[in-house]
Amino acid sequence: MKALLSLNKYLYKYRGRLVLGFIITIGARVFSVFTPQLISDSTTAIEQYVNGEITSVAEVKEELLINIGLIMGAVLASAILTFLMRQTFIVVSRFIEYDLKNEVYTQYQNLSLDFYKRNRTGDLMNRISEDVSKVRMYLGPALMYGVQTLTLFVVVIYFMIEAAPMLTLYTLVPFPILSFAIYKLSVAINKRSAEIQQFLSRLNTYTQESFSGIAVIKSYGILGRFNSDFVELSNQSKEKNISLVRVEAFFFPLMILLIGFSNLFVIYFGGMQYIDGKIESVGVIVEFLLYVNMLTWPVASVGWITSMVQQAEASQERINEFLSETPNVKNHSPNSSEDIKGEIEFKNVSFTYEDTNIVALKNISFKVNKGETLAVMGKTGSGKSTILELIGRLYDVDEGEILIDGKPIESYNLNGLRQQLGYVPQDAFLFSSSIRDNIKFGKADATEEDIINAAKNAAVHKNIIEFSKGYDTVLGERGITLSGGQKQRVSIARAIIKDPQIVLFDDCLSAVDTETEEEIFSKLNKISDNKTSVVVSHRASSAKNADHIIILDEGKIKEEGTHTELIDQKGYYKDLYQKQLSEKEN
Ligand SMILES: Nc1ncnc2c1ncn2[C@@H]1O[C@H](COP(=O)(O)OP(=O)(O)OP(=O)(O)O)[C@@H](O)[C@H]1O
């Protein structure tokens, strides 16, 4: 129960509604207990008439009519209160589910990239949906039925003892057995359901991947292999479902069996006691039969509640594990809102990726003045993207420091800093919404004119208006697929619409031909005259106009200077430049 204690803050938050729920539940159960008593009174009245203790039929009729009226009143009151009981407990559980989901989601967002590397997306999704749902079962149904069972027990047993103490004892004998059996059954059901759930996500991942990769599967001609794998997986899924059904099928027969036993106990022992004169009337036996039936579901639910609480405990433990994670990259100045001008300086920066232990940067130093452009080149895996990620503070450096406008990067408000950067990552990720929304993503209050200008500057406007729905064209699964180059340019438009002080381009024009690349750079030069740019590229054509170029090799700076200086150095840059120039000419 330790993990569930962390939910107490929410129970406290909704304490008013919960207390009301408790009162309503007690009321609902008290009213429901009147029925057996009134039926018992009615039976006794009939018995007394039969025995000649009451001689007037009219008197019996009157008592019966009054009792029927009272029963209807009590049932109605109990029904209304039961409705209100659900309205309080279940509604509170939905409120808490909403709060908890938001808490988990906010935490996910605050955690650094390394957290996402360590944990699989499916797991993150499961904790925010499946696990939160299981916790809600504890806060809603488990709590509600728990209170209901307890109230009903106290009230019913009180009246039972009042009416016939010994008979109460006999009647209750099968109940602990029923409760234990249901508990065991619930555990078995939950175990099998969890297995099915896990298997289902495997099946879903498999099908989703095979649909996403349908072009590759078809072009390799391996539809048959995928088909038979799918049949095998669904066969396993069927077997698991059948095994669940087998266990579930025991639930109701078991309940009916045990209720049957209790009823037999009441009739047999009640009858004996009546004959022995230990209970006054047959009415008591009738009353007890009704009590037994009233108690059956609550007793069964003890087992069910226990297993729900156990599951919630396990789920909350998993949720707490993520909630207690602290982001590696911390926001040290959440309240400051300092504007940046755009000067970037790396001073002896080294960086190792924690998960792979790969030393991506070794003792890197450079300075980019406000308004200047730095081009970063080098072989694949040499650390180019890492430089951009460090400027965006997606990671913190291990050694050395990064200064923005002469101040340590950590001293800026993390979100404030990122909002002033225009980062275009290597693989352009676009959301499954319209092109307009994707571009606007960088600036929520952008006007139509801003959007069109950004698209024009990223040289993608012409492509967009060629689509029949223009900027309203939906991308992704439900919409069209953009070409690699179009995606990259929409992603550039998204970054520049923010009008950021610093733009970071991570090889984001690799899928665009050299002419379009040059067109984009000349437009960007015009609009970002006083902006600082860091451009990662494999093409010398993207780098040659930069104020400074660095060539990385295995995390170290191998060459640096302007285009002319590097050509003079006759090293990697010169070779690359000449090779790419001759390729272009041919
Ligand atoms: N998130 C990560 N976790 C662990 N290792 C990483 C991560 N990102 C990059 N690396 C490793 O760090 C090194 C530098 O990677 P980086 O992406 O900075 O290179 P790059 O020069 O941008 O390469 P490319 O030109 O192929 O994009 C590589 O060896 C890479 O495998």
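A crossing of two helices is left-handed if the near helix is turned anticlockwise from the far one by less than a right angle, and right-handed if it is turned clockwise. By that rule, helix 2 and helix 3 cross in a left-handed way. Helices here (H or I, at least four residues) and strands (E, at least two) are DSSP runs, numbered from the N terminus.

Welcome to the model. It is a predicted one, in which local features need pLDDT of at least 70 and side-chain atom pairs count only at pLDDT 80 or more, while totals for chains, interfaces and linings use all residues. Residues are numbered from 1 along each chain as its sequence is written.

**Two helix pairs**

The table sets out how two pairs of helices pack. Axes are lines fitted to C-alpha atoms, for helices over the stretch in contact, and angles run from 0 to 180 degrees between N-to-C directions.

| Pair | Angle | Axes apart |
|---|---|---|
| Helix 2 (residues 15-50) and helix 3 (residues 57-110) | about 160 degrees | 8 Å |
| Helix 6 (residues 165-172) and helix 10 (residues 251-275) | about 155 degrees | 8 Å |

On the helix 6 side, M166, L167, Y170 and T171 meet S262, F265, V266, F269, G270 and Q273 of helix 10; contact means C-beta atoms, placed from the backbone, within 7 Å. These residues divide into six nonpolar, four polar and no charged.

**Annotated spans**

An unreviewed UniProt entry places "transmembrane region" at residues 18-39, 64-84, 142-161, 167-185, 249-268 and 288-309. Such positions use the numbering adopted here, feature names are shortened, and annotations may be inferred rather than shown by experiment. Residues 142-161 are 100% helix and 0% strand, with end C-alpha atoms 28 Å apart. For residues 249-268, the span is 90% helix and 0% strand, and the end C-alpha atoms lie 30 Å apart.

**Two residues in loops**

R393 has a positive phi of about 50 degrees although it is not a glycine. R393 sits in the loop between helix 12 (384-391) and strand 4 (399-404).

How values were computed: Contact = placed C-beta atoms within 7 Å. Nonpolar A, V, L, I, M, F, W, Y, C, P; charged D, E, K, R; others polar.
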